[in-house]
Amino acid sequence: MDNPITRIIQPVARLAAILCGYGILLLAFAIGVEVIGRKWFAFSLQGVDDFGGFALAITAAIGASYTLAHRGHTRIDVFLLRMPAFWQAVLNVAAMITFAVFAVFAFFQAVSVWRESQLFMSVADSPLQTPLIYPQGAWVFGQFLLAIFALAFAVHALLLFAGDRKRLNRFYGPATVDEEVEAELEARRAREGTPS
């Protein structure tokens, strides 16, 4: 895949996903301590369930941006691949524009929620009383990544629609079986440390 937008976006998406992964590992460790503490030592880490909810929201947003950067979102393509190239291009560009509109809408809604929490100095309903602006800020950042990535892809798809529909279909259409196999082989080579 030689999509120039993907080359720019993937490292950012990967770093954000790795950071989320470490956050989930920390949460899993805290949950383990919570379970052992309740079972055998009669103590509890207060607020672990709150952090689980925060982690879910943040990783969902960042995970969606990572998935977009890797063309991993589910597309129903049973009819698309049987259509003429022109109509494939129309539907592919429409998919990218629709996704971008949704992502930008979700980002502005997230900002609105964050501002409301800031205005009312909202805190989590738990003994820790965590100010909501902090976890919601990370969630807003995830929504921001998704919106920026989706907009970049949508603009690029529109430009390709005007100039090179074949590349548009290759970059923004559903991944073919050959592309999926090649991506899996590439990932396996990377894990094993062998050159491409």
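Trainee: Is Arg167 buried, partly exposed or exposed?
Mentor: Partly exposed, because its relative accessibility is 30%. The cut-offs are under 20% relative accessible area for buried, over 50% for exposed, and partly exposed in between, using a 1.4 Å probe and protein chains only. Bear in mind that this is a predicted model: local features need pLDDT of at least 70, side-chain atom pairs count only at pLDDT 80 or more, and totals for chains, interfaces and linings use all residues. Residues are numbered from 1 along each chain as its sequence is written, and side-chain values use heavy atoms, with hydrogens and water left out.

Trainee: Which helix is Arg167 found in?
Mentor: Helix H5, residues 165-172. Helices here are DSSP runs of H or I with at least four residues, strands are runs of E with at least two, and both are numbered from the N terminus.

Trainee: And what is Arg167 in contact with, leaving aside its neighbours within four places in sequence?
Mentor: Pro4 and Leu160, once those neighbours within four places are set aside. Contact means heavy atoms within 4.5 Å. As for Gly53, it sits 114 residues from Arg167 in sequence and 40 Å away in space, C-alpha to C-alpha.

Trainee: Switching to Ser65, why does it count as buried?
Mentor: Because its relative accessibility is 1%. Ser65 is part of helix H2, residues 48-69. Apart from neighbours within four places in sequence, Ser65 has Ala13, Leu145, Leu146 and Phe149 in contact with it.

Trainee: What lies 2.7 Å from a polar atom of the side chain of Ser65?
Mentor: The backbone oxygen of Ile62.

Trainee: OK, new topic. How many salt bridges does a search of the whole structure find?
Mentor: Six. To count, a side-chain nitrogen of Lys or Arg has to be within 4 Å of a carboxyl oxygen of Asp or Glu. Side chains of opposite charge can pair when their charged atoms come close. One of the bridges joins Arg7 and Asp2, at 2.6 Å from N to O. Arg7 is partly exposed, because its relative accessibility is 48%.

Trainee: Where do Glu186 and Arg189 lie?
Mentor: Both are in helix H6, residues 177-192, three residues apart, which is about one turn of the helix. Shared partners join Glu182, Glu186 and Arg189 into one salt-bridge network. The Glu182 bridge to Arg189 has its closest N and O atoms 2.9 Å apart.

Trainee: How many aromatic pairs does the count come to?
Mentor: Eight. Rings of Phe, Tyr and Trp (its six-membered ring) pair if their centres lie within 6.5 Å; planes under 30 degrees apart are stacked, over 60 edge-to-face, and the rest tilted. Among them is the edge-to-face pair of Phe99 and Phe102, 6.4 Å centre to centre with 70° between the planes. Phe99 and Phe102 are both in helix H3, three residues apart, about one turn. Phe171 and Tyr172 make an edge-to-face pair too, at 6.5 Å centre to centre and 90° between the planes, and both residues are buried.

Trainee: Which residues do ring pairs link into a cluster?
Mentor: Phe86, Trp87 and Phe161. Phe86 and Trp87 also turn up in a nonpolar surface patch with Ile76, Val78, Phe79, Met83 and Leu91, about 750 Å² of accessible area together. A patch takes residues with over 30% relative accessible area and no salt bridge, joining like charges within 9 Å and nonpolar side chains (Val, Leu, Ile, Met, Phe, Trp, Tyr) within 5 Å. The areas come from the Shrake-Rupley method with a 1.4 Å probe, and for residues only the protein chains shown count as cover.

Trainee: Last one: what is the phi of Arg71?
Mentor: Positive, about 55°, although Arg71 is not a glycine. Arg71 is in the loop between H2 and H3. Met121, not a glycine either, has a positive phi of about 50° and is in the loop between H3 and helix H4 (133-163). Met121 counts as exposed because its relative accessible area is 68%.

Note on methods: Polar contact = N/O pair within 3.5 Å; in protein donor to acceptor, adjacent residues only side chain to side chain.
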